[in-house]
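Student: I have a new structure to look at, and I would like to learn how to read it. Could you take me through it feature by feature?

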Amino acid sequence: MTLASIAFKTEFAVDMTCQNCVNAVQSSLRDVSGIERYDIDLENKRVTIIGKTPPSNLLSALKSTNRQVIVRGSSPSDPNFASTFPQTAAVSILESPISLPTSIASTSNPVLANSPSTSSPSSSSIPTKTQLFENLQQPLPGMNEEEFSQKVFGIARFLQIEPSTILLDLTVRLPPPSAVGLGHGPEKWKVYISQTGNITNPPSTTGKPLMELGEVELDKNGYGDMFKEIKGELWEWVGRGCIVQSSYSPQQLQQSSDSRDKGLGKIFAGVVARSAGAWGNEKTVCACSGRTMWEEGRDMEKKTKL
């Protein structure tokens, strides 16, 4: 596991109801490397962790307790730094750049969710992030074939840990290249921040890369992750696109006979949006829908197992 060079704080909402829940959380974090200290608040269903561990790995560990877990935010552990740089956190939800009919976007579709079924990890072991993507072959509930839906294929979290250093924690689960017309490769996908935030038809509408973030290598199930430190200032990235793109050139992608097929399975994108810092958002009920954060979280889990 790659660790950050500087400790930071991440806070989670964990649906805990009793001391047994607290004990389970403590057990799940016991052997996770990079954790310097943590605090469990049963009354407020809050777990605060300070250390150098990727938030995605902490999420995997906490989810091994079989309790609902929601990432509430990350911040530098130094409160003075956080007050000097108020915009320290951002997130990008990676989706297909075109709206897809449910018959395609559904996780039961063999093109966009071609993963073998695996058995559930036992409650006594910490699942790998690949295992957290299991059961993706179930259709999205409540959807009709004529409706349109977006399926989440990944998430990128960004955290400013120093004045010129951004921490990137990226997790993706992409369809196998052979299932979307890319032969048996590529295994590596380019990741970059684009010049614009217009992600309707990347890379045409997003322009050239503003910042190259590197490459993510996928395993045989289409899973990949990246945790690294990158020179930059986060305020410059907010509002732009975060792109995960096949190593095929944009020219090759645009040679497709069907324009709607250019991005399908070859490019995934999301706007880099401002995100709350560690418990910077105390909201537990959505003002728009009246749904609790737990209900909203379950809806998101139906779209992705990130």
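Student: In which sense do E5 and E8 pair, and over how many bridges?

Tutor: Happy to start there. Strands of a sheet pair through backbone hydrogen bonds, either parallel or antiparallel. Two strands count as paired if DSSP finds at least two bridges between them. Here E5 and E8 pair in the antiparallel sense over seven bridges, and Val91 stands opposite Arg157 in E8. E5 is also joined to strand E15 (residues 273–274) by two bridges, again running antiparallel, with Ala90 opposite Arg274 in E15.

Student: Before we go on, what should I know about the model and its labels?

Tutor: This is a predicted model: local features need pLDDT of at least 70, side-chain atom pairs count only at pLDDT 80 or more, and totals for chains, interfaces and linings use all residues. Residues are numbered from 1 along each chain as its sequence is written, and side-chain values use heavy atoms, leaving out hydrogens and water. Helices (H or I, at least four residues) and strands (E, at least two) are DSSP runs, numbered from the N terminus.

Student: How many helices and strands does the protein have?

Tutor: There are six helices and 15 strands.

Student: What is the order of the four strands in the open sheet?

Tutor: The order is E2-E3-E1-E4, and the pairing is antiparallel. E2 and E4 are the edge strands, each pairing on one side only. From one strand to the next, the twist averages 15°. E2 and E3 are joined by six bridges, and Ile40 has Val47 in E3 as its bridge partner.

Student: Which strands of the sheet does H1 touch?

Tutor: Contact means heavy atoms within 4.5 Å. H1 packs on the sheet and touches E1, E2 and E3, its direction making about 170° with that of E2. Helix H2 (residues 55–63) packs on the sheet too, touching E1, E2, E3 and E4, and its direction makes about 30° with that of E1. For such angles, axes are lines fitted to C-alpha atoms, for helices over the stretch in contact, and values run from 0 to 180 degrees between N-to-C directions.

Student: Is Ser74 buried or exposed?

Tutor: Buried means under 20% relative accessible area, exposed over 50%, and partly exposed in between (1.4 Å probe, protein chains only). Ser74 counts as buried because its relative accessibility is 11%. Ser74 lies in strand E4 (residues 69–76). Across the 306 residues of the protein, 47% count as buried.

Student: Which residues have the most contacts inside the largest nonpolar core?

Tutor: A nonpolar core is a set of buried Ala, Val, Leu, Ile, Met, Phe, Trp, Tyr and Cys residues joined through side-chain atoms within 4.5 Å. The largest one has 24 residues, and Phe158, Leu170, Val216 and Trp237 have the most contacts inside it. E9 gives the most to this core, with four residues. Another core, of 16 residues, lies apart from it and includes Phe12, Val32, Ile49 and Ala61.

Student: Which side chains meet in a salt bridge?

Tutor: Side chains of opposite charge can pair when their charged atoms come close. The rule asks for a side-chain nitrogen of Lys or Arg within 4 Å of a carboxyl oxygen of Asp or Glu. By this rule the count is one salt bridge, in which Lys45 and Asp15 meet (3.2 Å, N to O). Lys45 is partly exposed at 22% relative accessible area, and Asp15 is partly exposed at 28%.
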